[in-house]
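Please keep the structure open while I talk.

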Amino acid sequence: MKITKLKLKKVNTSGFFKYLLSVLISSMILALVLISLPLTERVTSSATYDLANKSKLYWSKEYILEIDTATSIGAQKEIDEIKSILQRRLRRIGVEESSIHSYEEDSITYVNLTVQTSKEREIVESLIKSPFIVNIVTRKADIDFENPEDPIAPYLGENYDSTEFSRNSFRNVYLTQLKNSANEYSYFALFKTWPWDSKWKNFLEENSGQTVGVSIDNFVTPVQIPADQSLFAVSVAATEADYARVVSILYNSGQMPIAYSVISEKELPIDIAEIDYIKLTEGILVAVILIYLYLLLIDKTPRDILLLSGLSTVLTISAWIAYLKISETPTDIFILALEVITLVAMIRIIAENIESRMIVTILLALISSVSVVLGSGYIRIFAYDLLILIILSNLSLYISKYYIDNVRKSLKL
Amino acid sequence: MNLFENITKSWSKYEINTELFFLLSIFLISILTIYLLTKERKLLIISIISFLIGIFSNFVGIYLVNLLFKIEITEIFKMIPLLTSILILSNLGILIGFYISKRHAKGFNISSIRKEYYSDTIKQTIFLLLLGSSTLLFLSVQTEAVISISILSTILSIWSSYGISKYFLK
């Protein structure tokens, strides 16, 4: 019997997968472009992904603080210190705009503080309104802290003697969650000194097993020093991470040299660079088309480079805007405009000058990182986004190159 | 919130120090990175000049915008030095990249990179002018001013560096 041999034709799986991948990348690019374009969220009711404009979240307020200069010696130096600490607090929480100036009226010093921010009002105000003057105090011998008729005695500053220790005596106050007496996790502030600081060590030894207090703006939180003097932990009245962060900022932004009180507050109109997102998209599109026409017709830039640069630009920008839309990240439109303009310029350079791609990427990533760490307000927001966009644009370049090569091979161009 | 008014009225020591430290860090880190990548003093000098002209143009630009167009100088204007640094670094990056790729080539002469630098600078200038002018109509006055000052400072800086490079790249 003759057995017919079946000859299986070798299937080009690699080519098939490459083709499939090209189709997938095409769909991805199309989807990203459609999502990123303005008003496309109205096409379907099944998904909502409109760009969340941050301008609605902004609020602005002016605060007048009256400085208690009665006990101060070098008032001007201390006022400058107050201004610095307030700026440090606002900067650490990420307030976009703030200004502080001091003035004198009838021998009383006032500080005028203006903020404009999208951050939560309650959080910002707790950083402004509390001087947060921290001192370590010990119990007065003649006060009965166990008296049931005077339950607030342990919390009043007047019932305590001051010590030489204030916030300035500590290297750092670290906020963390520890188990409390009810065996539940709650926030505690751990006071950390320098290892060579013997004064604090002696103080703990002297008061071992006793109750001392941490006075914050004259309100005292009693603290029991453990017998082994291992830890000096103060309970914090914050249950949420955001508020614990506020307390950490208050502890670690410096000790106010003089007390102050807020004597007036006034709502101010918001002053931000409003940009119409739709008009901005039109503008960017016109700009990119004009530039690429110039590069093609007048500059005679090779089509391959233009195609790579153009596709990478479209892919990066649309991926970024699609991400902002889908994640509903509140966005400053004017910062988005600056980001897109910087990105268009950067991608053109790194696509056209392959030998400089790594150098430009390193330099810009370094600058962005420095700005994230040292910048404040809008600079930090812009630099943080730019750092992500630098990575995204390099990734887009590789995807675009792979895609163009694959499509060319598939279509035999 | 007028930035000029804030600075003259009462910037706290903290604000002055942090802003100066920020600008100085950008400048020093960029310059140091350029030197570490190239180990070439001539390129280092061009980079330093480029940055200094850029920052100087920024201040003149902000002052003129405030004086001539009565545009209020707000916190957004603090972004100008950063934007200018990014654009200047993109230009310097092309020069450095080209230098690094060619420096070990046979018969390489540092003056040869000037020609490439010239063509890249023309391209970047036209590109930035087109990009800036096409978006200007669609932005707010303050954002327009920020972009215009950054782009014009960059153009002034890169052409000045190109002009000065005649004396160094030989």
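This is a predicted model: local features need pLDDT of at least 70, side-chain atom pairs count only at pLDDT 80 or more; totals for chains, interfaces and linings use all residues.

**One methionine and its surroundings**

Leaving aside residues up to four places away in sequence, B:M79 touches A:L338, A:Y378, A:I379, A:F382 and B:V146, where touching, or contact, means that the C-beta atoms of two residues, placed from the backbone, lie within 7 Å. Residues are numbered from 1 along each chain as its sequence is written, and chains are lettered from A and ligands numbered from 1 in the order in which they are written.

B:M79 also belongs to the largest nonpolar core, which has 87 residues, and together with A:A337, A:A345 and A:F382 it touches the most other members. By such a core I mean a set of buried Ala, Val, Leu, Ile, Met, Phe, Trp, Tyr and Cys residues joined through C-beta atoms within 7 Å, with buried meaning 20 or more other C-beta atoms within 10 Å of a residue's own. The largest share of this core, 16 residues, is supplied by helix 8 of chain A, residues 333-352, helices being DSSP runs of H or I with at least four residues, numbered from the N terminus. Apart from this core there is another, of 44 residues, including A:I100 and A:Y251.

Turning to chain B itself, we find six helices and zero strands, a strand being a DSSP run of E with at least two residues. Of its 170 residues, 46% are buried.

How do helix 4 and helix 6 of chain B cross? Their axes, which are lines fitted to C-alpha atoms over the stretch in contact, come within 9 Å and cross at roughly 40 degrees. That makes helix 4 of chain B oblique to helix 6 of chain B, given that angles under 35 degrees count as roughly parallel, over 145 as roughly antiparallel, 65 to 115 as roughly perpendicular and the rest as oblique. On the helix 4 side the contact includes B:M79 and B:L83, and on the helix 6 side B:V146 and B:I149.

Finally, the contact between the two chains takes 55 residues from chain A and 50 residues from chain B. Among the elements of chain A that each supply at least two residues to its side are helix 8 and helix 10 (377-411).

Key: Axes are lines fitted to C-alpha atoms, for helices over the stretch in contact, and angles run from 0 to 180 degrees between N-to-C directions. A residue is buried if 20 or more other C-beta atoms lie within 10 Å of its own, exposed if 12 or fewer, and partly exposed in between; C-beta atoms are placed from the backbone.
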